[in-house]
Amino acid sequence: MTAVIAIEGLEVVFDRFRALKGVSLEVREGESYGLVGESGSGKSTLLRAITGLAPVSSGTITVNGKRLGKTRDKAFYREVQMVFQDPYGSLHPRQTVDRLLQEPLAIHGIADGEKRIERALDEVGLGKGFRFRYAHQLSGGQRQRVAIARALILEPSILLLDEPTSALDASVQAEVLNLLEEVRRRRKLTFLMVSHDLAIITHMCERLMVMQNGEAVETLTASQLIGHRVSADYTRNLLRASEGFVRV
Amino acid sequence: MSAEAIQSRRAWLLSDRPASRLQARLGRAYVAWRRFSANRLALVGLLIILALVMVAALAGVLAPYSATVGDLKNARLLAPSATHWFGTDDLGRDIYSRIIYGSRWTLYVVILVAIIAAPIGLLVGTIAGYAGGWTDAVLMRVTDIFLAFPKLVLALAFVAALGPGIENAVLAIAITSWPPYARIARAETLTVRNSDYIKAVQLMGASPFRIVLRHIMPLCISSLIIRVTLDMAGIILTAAGLGFLGLGAQPPLPEWGTMIASGRRFILDQWWVAGAPGFAILIVSLGFNLLGDGLRDALDPRSGDQ
Amino acid sequence: MSDTLLEVDDLRVTFPTRTGLVQAVRGVSFSLGRERLGIVGESGSGKSQTGRAIMGLTPPQAEVSAKKLNLDGIDLLSISPRERRALRGNRIAMILQDPKYSLDPVMSIGRQIVETLRTHEKVSKAEARERALAMLQAVQIRDPARVFDLYPHEVSGGMGQRAMIAMMLIAGPELMIADEPTSALDVTVQLDVLNILDKLVSERGMGLIFISHDLRLVSSFCDRVVVMYAGKVVEQIKASELRDARHPYTRGLLNCMPKIGFERHPLPVLDRKPEWAA
């Protein structure tokens with residue numbers, strides 16, 4: 001299989017703070033790849049660097065065989081879309097769902113808007129009844145569904161997911177994770193997913209990278225992690241912590 | 001309309017699952033109106049402004065006498081009475097009629113200034129805030145230069161350069177009143193430019209122009225409307241001030257500031273000549289201020305989640 | 001231990017809104033001894049409002065009523081606001097989710113702890129400082145003297161939450177309410193903080209109410225769990241018997257989280273029944 005995202009020695013520096021210190025990874029076509037780490041590990045920065053939201057100071061990013069420069073063109077955004085962590089912050093407060101979904105179509109000059117919007121709403125399990133609501137008339141889970149619909153409406157092949165469920169209740173989280181798996185299967189998408197929760201990453205991804213302080217700790221397959229076949233102490237700590245509190 | 005029909009119409013407006021674009025928009029406006037109308041003083045302000053508009057529109061019907069031609073022989077400086085409600089001025093003109101016609105000039109000034117200054121401020125502020133860096137520095141330093149002078153002094157300088165007259169007064173006031181709007185628009189822009197919903201639009205591939213115009217400006221507009229409304233009183237006063245100094249509207253135009261200026265010679269003996277237009281300015285300024293306060297409650301972007 | 005520290009019977013919290021009254025808590029009853037009680041629920045379940053009502057921190061526009069709200073025999077609803085204030089910190093203490101917002105940003109951590117102590121007890125400045133340092137040591141801060149002089153923004157989230165715990169425990173309360181005390185922290189730090197809390201609570205024989213959305217974490221930490229849904233208690237159960245939970249909501253909540261080593265695609269989701277909220 002070919003790598004759809006290839007990252008080599010990626011460095012991101014914000015005001016002399018090195019958020020990413022030379023990270024490399026390869027995501028294959030159709031696979032779901034996870035990035036796990038705690039706050040400050042640089043996992044979200046990596047996603048943002050791919051989309052052009054974070055400044056790359058050295059290293060290369062290649063998407064679908066094309067090396068990315070400083071700016072991204074419109075064609076890039078038709079291939080790569082992102083879902084943000086906070087469903088309360090990622091929808092414009094003054095726009096209806098309809099407007100939100102229309103916007104990407106208008107930017108890319110896509111004609112069959114009506115049909116696409118209805119299809120997208122159906123696909124994320126919302127239906128037409130939600131089309132003219134404002135963000136404040138939606139629950140957290142519904143907002144995240146709208147955000148997913150917005151990301152899918154341009155029919156990208158790669159979806160970047162930045163902690164898509166960490167702001168949601170556990171039961172809603174399950175629904176959104178199921179939805180993400182379903183659209184991935186149906187559309188044969190490639191996922192690059194960030195989370196602090198090992199259980200979510202092993203549930204969603206085939207391979208994963210553990211990150212700490214802007215560096216890669218180790219790269220594992222989900223089955224290695226499930227079998228506790230890990231080599232780094234840090235990963236072992238994370239695994240232990242994810243099992244809950246143990247009285248000593 | 002029966003009580004039930006009203007009830008169902010209200011339910012339609014307040015529905016949290018609108019079925020069309022129009023219903024969503026009307027529902028939003030209705031919620032804002034309910035918030036606005038809960039404030040009694042704001043309603044008083046709105047009433048005053050509506051009355052001003054009505055008076056200006058119907059000036060020809062409402063005014064009993066001509067605004068510019070007086071009866072010099074018999075009616076000079078008469079005190080308020082049943083025939084001349086607010087008295088007459090030194091040229092024998094009925095002050096009540098002049099104030100009614102003057103409302104047109106007041107509205108003219110206020111509306112023109114708002115139409116010119118608010119968009120300039122909005123554009124400069126949002127561009128500066130969104131672009132950042134050099135663009136921001138240059139635009140904001142220009143704004144600072146304008147802000148460094150007292151408004152009236154700067155307006156005076158412009159009028160002196162352009163020549164006296166009400167059109168030039170409007171231009172001068174507009175030129176001096178956009179900088180605060182630019183400041184507000186920039187501050188609003190800075191708070192939203194790093195939000196996820198703006199980033200999401202960037203990730204759609206939208207151009208910076210489109211983001212500013214369609215996503216950032218709508219968020220700045222409500223605070224701008226509030227500020228402009230609250231500034232209306234100041235604009236009226238500046239216009240009146242220019243008129244008073246002889247650089248605004250020129251006699252015999254019945255502009256309120258000019259009227260005060262010509263009345264000041266008799267202020268001790270014939271107080272009504274300057275007092276009546278002064279009172280009109282006071283009422284209208286108050287109206288705009290109350291309206292602005294009410295709008296602030298109704299349109300506050302931070303309560304947009306309501 | 002059987003002695004009851006806190007008794008809650010039919011607690012109700014009602015908020016006035018534009019569209020009418022909203023009951024955030026609708027008749028919650030439980031009692032607490034010197035044990036660790038977990039209150040679990042999703043957002044909007046009323047779990048935080050329950051904690052706040054016990055603490056006396058309900059927003060002023062809301063109304064709190066209960067058949068019984070007794071702390072060690074004192075009726076919390078009938079005493080004056082002043083007496084209530086005296087109880088806070090002295091006998092009941094509360095830890096909130098994010099230390100960033102609950103510590104005073106312009107006062108050094110040490111001074112905040114000293115102030116807290118001195119409002120509840122008459123002690124000399126020197127003694128207060130000594131006790132504050134000892135408390136910081138007790139929450140496993142390695143260099144208490146240095147942390148004493150730091151400001152909240154100068155410490156990490158985990159350190160801040162430890163300082164918060166130190167501040168809350170300094171006056172020796174009998175009941176501690178912890179509202180999502182570790183949700184803002186990284187998982188590895190989370191366990192450290194829980195360990196400290198656990199040790200202090202059992203050493204001092206305090207009662208603890210642990211409010212959280214995370215059923216699994218709560219069940220591994222607490223002795224007993226109260227599960228809340230839509231302002232009501234749907235189930236009270238011993239943490240060790242959670243696997244035999246009867247209410248479908250509790251079971252659904254346990255099941256719907258992904259777990260390492262248990263492959264389930266798709267994840268089971270909650271089928272919310274209207275009668276749960278009835």
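Which residues have the most contacts inside the largest nonpolar core? Select Leu208(A) and Ala166(C): they are the ones, in a core of 167 residues. Helix 7 of chain C (residues 157-169) gives the most to this core, with 8 residues.

Some ground rules before we go on. You're looking at a predicted model, where local features need pLDDT of at least 70, side-chain atom pairs count only at pLDDT 80 or more, and totals for chains, interfaces and linings use all residues. Residues are numbered from 1 along each chain as its sequence is written, while chains are lettered from A and ligands numbered from 1 in the order in which they are written.

**Stop 1: the cores**

A nonpolar core here is a set of buried Ala, Val, Leu, Ile, Met, Phe, Trp, Tyr and Cys residues joined through C-beta atoms within 7 Å. Buried means 20 or more other C-beta atoms within 10 Å of a residue's own (exposed is 12 or fewer, partly exposed is in between, and C-beta atoms are placed from the backbone). In soluble globular proteins, nonpolar side chains tend to be buried together.

**Stop 2: Val159(B)**

Next, click Val159(B), in helix 7 of chain B (residues 151-162). Helices are DSSP runs (H or I, at least four residues; strands are E, at least two), numbered from the N terminus. Is Val159(B) buried or exposed? Val159(B) counts as buried because 21 other C-beta atoms lie within 10 Å. Leaving aside neighbours within four places in sequence, the contacts of Val159(B) include Pro164(B), Ala172(B) and Leu247(B). For a sense of scale, pick Ile48(B) as well: Val159(B) and Ile48(B) are 111 residues apart in sequence and 30 Å apart in space, C-alpha to C-alpha.

**Stop 3: two helix pairs**

Select helix 2 (residues 21-37) and helix 12 (residues 272-299) of chain B, which pack at about 135° with their axes 8 Å apart. Axes are lines fitted to C-alpha atoms, for helices over the stretch in contact, and angles run from 0 to 180 degrees between N-to-C directions. Helix 2 and helix 12 of chain B are therefore oblique to each other. On that scale, under 35 degrees is roughly parallel, over 145 roughly antiparallel, 65 to 115 roughly perpendicular, and the rest oblique. To see where they meet, show Ala32(B), Arg35(B) and Phe36(B) from helix 2 of chain B, then Gly294(B), Leu295(B), Asp297(B), Ala298(B) and Leu299(B) from helix 12 of chain B.

Over in chain A, helix 3 (residues 97-107) and helix 5 (residues 140-152) pack at about 25°, with axes 9 Å apart. That makes helix 3 of chain A roughly parallel to helix 5 of chain A.

**Stop 4: where chains meet**

Finally, color by chain. Where chain B touches chain A, 23 residues come from chain B and 27 from chain A. Helix 9 of chain B gives the most to chain B's side, with 5 residues. Chain C's contact with chain A takes 29 residues from chain C and 26 from chain A. On the chain C side, helix 8 of chain C gives the most, with 7 residues.

Definitions and conventions: Contact = placed C-beta atoms within 7 Å.
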